[in-house]
Amino acid sequence: MAKRGKKVRDLIPNECANDVNDVVYRGWNIDKYDEYKALLMNAIKIPELPFAVERFVKSELIDGNYVGYDKLTGKWARAFGSGLNAMWLPTDVTFVFGNGRSYKRDISYDDSPTGAYLICGLPTGACYGDIIKGECDILQACDVAIRQNLKASHTPLIVTVKDEDTRLSVLQAISQKEEGKPAVVVSPDVMEGIKGVQLETDFIVDKVEEYRNIHRDRLLNKISTMTANVNKRERVQVGEVNATVGQCEDYVYTLIDTFNTQMETYGIPVHMESNSSLEELYYNGTTAKEGDEYV
């Protein structure tokens with residue numbers, strides 16, 4: 001028997017909310033997060049579910065690591081566990097729907113015809129959303145540093161002059177110099193002003209961009225997307241290619257295997273599978289062979 005539910009706002013305290021929209025208030029780039037989340041959502045599929053339901057289930061598993069399923073209604077929902085049993089697992093599950101409705105039921109951990117389930121994505125309680133956010137924070141910081149360094153390199157000179165006439169003369173001389181024209185200086189005051197105070201700003205855009213690309217490639221591998229390793233100047237060896245393919249597979253199959261094990265245990269007739277080219281590379285014998293080289 002389903003228990004009477006509370007209002008949605010009573011069910012989601014700030015410290016445990018798993019709504020990724022919270023990031024708007026934490027000040028980091030949600031557009032960048034959504035970009036990489038979309039790649040991961042496309043890398044997996046649940047073929048038995050209609051598109052809208054599949055999209056919802058994948059989004060919940062990525063953002064908050066949990067999604068709920070109720071066999072009584074056949075519905076998927078945002079879900080939150082509460083209480084603890086002897087195995088430190090939740091005893092109750094609350095289903096929350098976008099229209100504001102919610103209800104609570106005793107949670108099930110076996111194949112029951114009326115079971116209510118709290119299904120996890122990654123087995124440790126961490127979620128893919130945290131992985132993506134952590135790398136996006138670094139990418140965002142690099143973008144800021146690049147913009148700041150570009151602006152700083154535009155103003156390398158401060159000049160101190162005695163009066164307005166000297167200021168105009170100095171500006172004229174600097175303008176001629178920047179245009180590649182000779183500047184003939186008569187006044188010693190103008191000459192002294194032109195020396196100015198040099199503020200040397202190291203140009204580090206290329207170094208920051210290289211560091212950013214390393215983290216971008218690392219994130220892409222974590223969400224099952226092979227990268228071209230465009231930052232490497234030397235040829236990429238076969239061992240590196242196969243290792244990268246294996247790493248991508250290991251990451252995404254942590255999610256896939258965890259989900260499928262629960263579906264089999266609970267008797268829910270759906271399954272998750274890979275939807276990327278890595279599947280062909282890894283299983284169909286098209287991985288790199290010894291002696292091959294890749295630019």
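First, a term I need: patches are made of residues with over 30% relative accessible area and no salt bridge, where like charges are joined within 9 Å and nonpolar side chains (Val, Leu, Ile, Met, Phe, Trp, Tyr) within 5 Å. A salt bridge is a side-chain nitrogen of Lys or Arg within 4 Å of a carboxyl oxygen of Asp or Glu. Accessible areas come from the Shrake-Rupley method with a 1.4 Å probe, and for residues only the protein chains shown count as cover.

Note on the source: this is a predicted model, where local features need pLDDT of at least 70, side-chain atom pairs count only at pLDDT 80 or more, and totals for chains, interfaces and linings use all residues. Residues are numbered from 1 along each chain as its sequence is written, and side-chain values use heavy atoms, with hydrogens and water left out.

Entry 1, the surface. I found a nonpolar patch made of M87, L89 and Y109, with about 300 Å² of accessible area together. M87 sits in the loop between strand 4 (75–82) and strand 5 (92–96); strands are DSSP runs of E, at least two residues, and helices are runs of H or I, at least four, numbered from the N terminus.

Is M87 buried or exposed? Its relative accessible area is 64%, so M87 is exposed (buried is under 20%, exposed over 50%, partly exposed in between, with a 1.4 Å probe and protein chains only).

I looked up K222 in helix 8 (residues 205–222). K222 counts as buried because its relative accessibility is 16%.
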